[in-house]
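Here's a quick briefing to read alongside the model. Have the viewer open and follow along topic by topic.

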Amino acid sequence: MPPIDPPEAIRNMLGNVRPLPPDHLSPISHFHLTTTEITLALRYVQSKTDRSSSKPSVANRHLSRLRQMALVGLIENLERFFKELAGVCIDAIAPLTADDRLDTFRVSGSSIAGHYGADTLGRALCESGIWLDCKTINERFRDILQDVATPATLQPFQVLPLQPHHEKLRYDTLQLLWQLRHSVVHNVGVITESDAVKLRVLARRPVLARHTLEPSPIDIDYLSDFLGEVAESSNARVCSRVAELLNRINTNDPTLIDDPGKKAKDLASQFRLPVTLAGSTATPPP
Amino acid sequence: MSIPEWSHYYEITANSLANWIEHQGANKWWIIDGDNYLSSRVMSPCPTAALVRVLRQANRNLLVQTHEPQANGQVIGPEKLDELAEPLDVSTFPIQPNHPRPKWADDRCLWLCWKDQNDEWMLAEDSQATAAFKNVKSSRAGNT
């Protein structure tokens, strides 16, 4: 048997893949599925360790590390959701407009070749970017979903509003989570002195520096529920705005959208919410 | 592998399953492990209302695994599921003898598959999430 060459084995790892699930074209469905996979992977390992005679302290130590990894996975799942959601918006609106709404995306010449592989303009512009803070996410959605009229008569769009109070609390909590993700990803869970200062400001409570973050099982449940709320409310807000813009486009020029009924059906499937275009309402498939 | 290939089974509508879940209590949380259809429509763990809503929209039939030898695909109603649901430690994660009994051991589960699909999946009560979200405001739990 020939010796194994580790660098070659690492390259071979790229072949260890599985196809995306059938519902991945809907950002909110893809989000739900991945959150479930991460959460239940932890539940499964926990159940396996609970039922045997393995020493609890050993199991807890390993599970704690897994929960740290799950925390990052859950937060990055929300990042991917926002990117996929923005991609859907671009594909729905951009072909019907000729303004500066996509100028928020800067694609360097050297990366253009890579973008030719993406199958839609929305994915090409969004999937390689970094969407890890509320301000950036808000600015990008504000530009993509700006009014189609000149001068604008619609309020600038906020996917993560700062008002009323419960929305501000959600915004601030999400900012805290982006920072927490940074600590786990870049310092393998260690809360550095500089992380602690930022986290203290964001959480408005003392944070121990030079300690390792150890989320509990219930922490992960609350985290996934919170992120689910953010995703579902953002999905509904964006769906409503996209429909509003498309209806304005259709009112201004009824020839631009070839088949409003089909467009509504496609969007209802992607947002998994009812969408009304040109008086025709489509509901998501069951 | 589909349930009919290795087990006795009954058939039930998604609506009947939803009725049974609803009957277990509005405050209960559930896990769906292994089904892309439901998991892409509702996150797990999820509250009763969210799961019931998705099941009622499904308009499909399911097969439910059983040890009953007379079961051969007969259509059952929701009341029969009380007999078929088994604690997790019996059906899925047997506890080693003399080992302390974990809290989840009494959570009941069903093994199911969609009638038109092969892969089986598990529906289980989730006592951990039920306790965790008992007094929590959550839009997903419908109590905000």
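Predicted model: local features only at pLDDT ≥ 70, side-chain atom pairs only at ≥ 80, totals over all residues.

A charge sits over a ring if NZ of Lys or CZ of Arg is within 6 Å of the ring centre and within 35 degrees of the ring normal. Keep that in mind for B:Arg41, whose charged end sits over the ring of B:Tyr37, 3.9 Å from its centre.

**Aromatic rings**

- Counting over all chains, there are 10 aromatic pairs in the structure.
- One of them is B:Tyr37 with B:Trp114, an edge-to-face pair at 5.3 Å centre to centre, with 75° between the planes.
- That pair ties together parts 77 residues apart in sequence, because B:Tyr37 belongs to helix α3 (residues 36–39) of chain B and B:Trp114 to strand β6 (residues 108–114) of chain B.
- As for solvent, B:Tyr37 and B:Trp114 are both buried.
- B:Trp114 also pairs with B:Trp121: the ring centres are 5.9 Å apart and the planes at 40°, so this one counts as tilted.
- Over in chain A, ring pairs join A:Phe31, A:Phe81, A:Phe82, A:Phe105, A:Trp131 and A:Phe141 into a cluster.
- A:Trp131 has A:Arg140 over its face, 4.7 Å from the ring centre.

**Where chain A meets chain B**

- The contact draws 31 residues from chain A and 33 residues from chain B.
- About 2,700 Å² is buried between the two chains, and carbon and sulfur atoms give 54% of that area.
- Two salt bridges run between chain A and chain B.
- One salt bridge is B:Arg41 with A:Asp23, where the closest N and O atoms are 3.1 Å apart; B:Arg41 is also the residue over the ring of B:Tyr37.
- Polar contacts between chain A and chain B come to 13 residue pairs (both at pLDDT 80 or more).
- On the side of chain A that touches chain B, the elements giving two or more residues are α2 (27–50) and α9 (217–252) of chain A.
- α2(A) supplies the largest share of that side, with 13 residues.

**A buried aspartate in chain A**

- Look for A:Asp147 in the loop between α6 (134–144) and α7 (165–187) of chain A.
- Is A:Asp147 buried or exposed? Its relative accessible area is 6%, so A:Asp147 counts as buried.
- The A:Asp147 side chain reaches the backbone nitrogen of A:Thr153 at 2.8 Å.
- Setting aside neighbours within four places in sequence, the residues in contact with A:Asp147 include A:Arg101, A:Arg241 and A:Arg248.

- Some context first: most residues other than glycine have a negative phi, and most peptide bonds are trans.
- The A:Thr150 to A:Pro151 peptide bond is cis, with omega near -5°, and A:Pro151 is in the loop between α6 and α7 of chain A.
- Chain B has a cis peptide bond between B:Ser44 and B:Pro45, with omega about -5°; B:Pro45 lies in the loop between α3 and β3 (46–47) of chain B.
- A:Val188 has a positive phi, near 50°, and lies in the loop between α7 and β1 (190–191) of chain A.
- With 53% relative accessibility, A:Val188 is exposed.
- A:Arg272 is not a glycine, yet its phi is positive at about 55°; it lies in the loop between α10 (260–271) and β3 (275–277) of chain A.
- A:Arg272 is buried, at a relative accessible area of 18%.

Conventions:
Residues numbered from 1 in each chain as written. Chains lettered and ligands numbered in written order. Heavy atoms only, no water. Phe/Tyr/Trp six-rings, centres within 6.5 Å; stacked < 30°, edge-to-face > 60°. Helix = DSSP H or I, 4+ residues; strand = E, 2+ residues; numbered from the N terminus. Buried < 20%, exposed > 50% of the residue type's maximum accessible area, 1.4 Å probe, protein only. Contact = heavy atoms within 4.5 Å. Buried area = accessible area lost by both parts, 1.4 Å probe. Salt bridge = Lys/Arg side-chain N within 4 Å of Asp/Glu carboxyl O. Polar contact = N/O pair within 3.5 Å; in protein donor to acceptor, adjacent residues only side chain to side chain.
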